[in-house]
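Dear colleague,

Please find the structure below, for your records. My notes on it follow directly after.

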Amino acid sequence: MSTYYIMIVVCILLSIMFYRRYIPVLGIPCEKTGHDKTSTVVLDIRDYTIDDNQNLSDMRIPYAYLRRFIQEVPNKKIHVIANDRLELNLGVRYLLKKGYHVASYQLNDCPCTDKE
């Protein structure tokens with residue numbers, strides 16, 4: 001009988017981990033970084049080792065360091081630049097949990113369509 005309880009707890013924990021990593025955050029559009037500089041901060045959560053030729057971001061804090069440097073992120077609308085979906089989901093969920101307003105996102109290899 002206790003084996004069933006352990007299995008249920010393990011299944012619940014695995015489903016929570018799966019949800020946080022792989023289920024996309026709803027309500028946040030994919031857009032290019034053409035934004036209003038006064039009201040939106042562009043936060044790049046990609047690794048430092050990823051080549052950034054365009055320098056589109058206002059701040060570069062990789063997801064691995066986001067918990068340590070969260071106090072440096074201003075309390076404005078945030079446009080998140082991520083390398084892949086996994087990094088994006090984890091970063092956006094963390095920012096939303098801390099009370100930040102994530103307005104949009106952009107992925108490295110994802111062709112976002114702007115609605116102009």
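Strand 1 (residues 40–44) pairs with strand 3 in the parallel sense over 5 bridges; strands count as paired if DSSP finds at least two bridges between them. In this pairing, Val42 stands opposite His79 of strand 3. Strand 3 also pairs with strand 4 (residues 101–107), again in the parallel sense, over 6 bridges, and there Lys77 has His101 of strand 4 as its bridge partner.

The model is a predicted one, in which local features need pLDDT of at least 70 and side-chain atom pairs count only at pLDDT 80 or more, while totals for chains, interfaces and linings use all residues. Residues are numbered from 1 along each chain as its sequence is written, and side-chain values use heavy atoms, with hydrogens and water left out.

Overall, the protein has 3 helices and 4 strands, in the order α-β-β-α-β-α-β along the sequence. Helices (H or I, at least four residues) and strands (E, at least two) are DSSP runs, numbered from the N terminus.

Of the 116 residues, 34% are buried, where buried means under 20% relative accessible area, exposed over 50%, and partly exposed in between (1.4 Å probe, protein chains only).

Arg67 lies in the loop between helix 2 (63–66) and strand 3 (77–82). Arg67 counts as exposed because its relative accessibility is 56%. Together with Arg20, Lys97 and Lys98, Arg67 forms a patch of positive charge on the surface; patch residues have over 30% relative accessible area and no salt bridge, like charges being joined within 9 Å. A salt bridge is a side-chain nitrogen of Lys or Arg within 4 Å of a carboxyl oxygen of Asp or Glu.

With kind regards

Note on methods
Patch = residues over 30% accessible without salt bridge, like charges linked within 9 Å, V, L, I, M, F, W, Y side chains within 5 Å. Areas by Shrake-Rupley, 256 points an atom, 1.4 Å probe, with all protein chains shown as cover. Lys, Arg positive; Asp, Glu negative; His and termini not counted. Charge placed at Lys NZ, Arg CZ, Asp CG, Glu CD.
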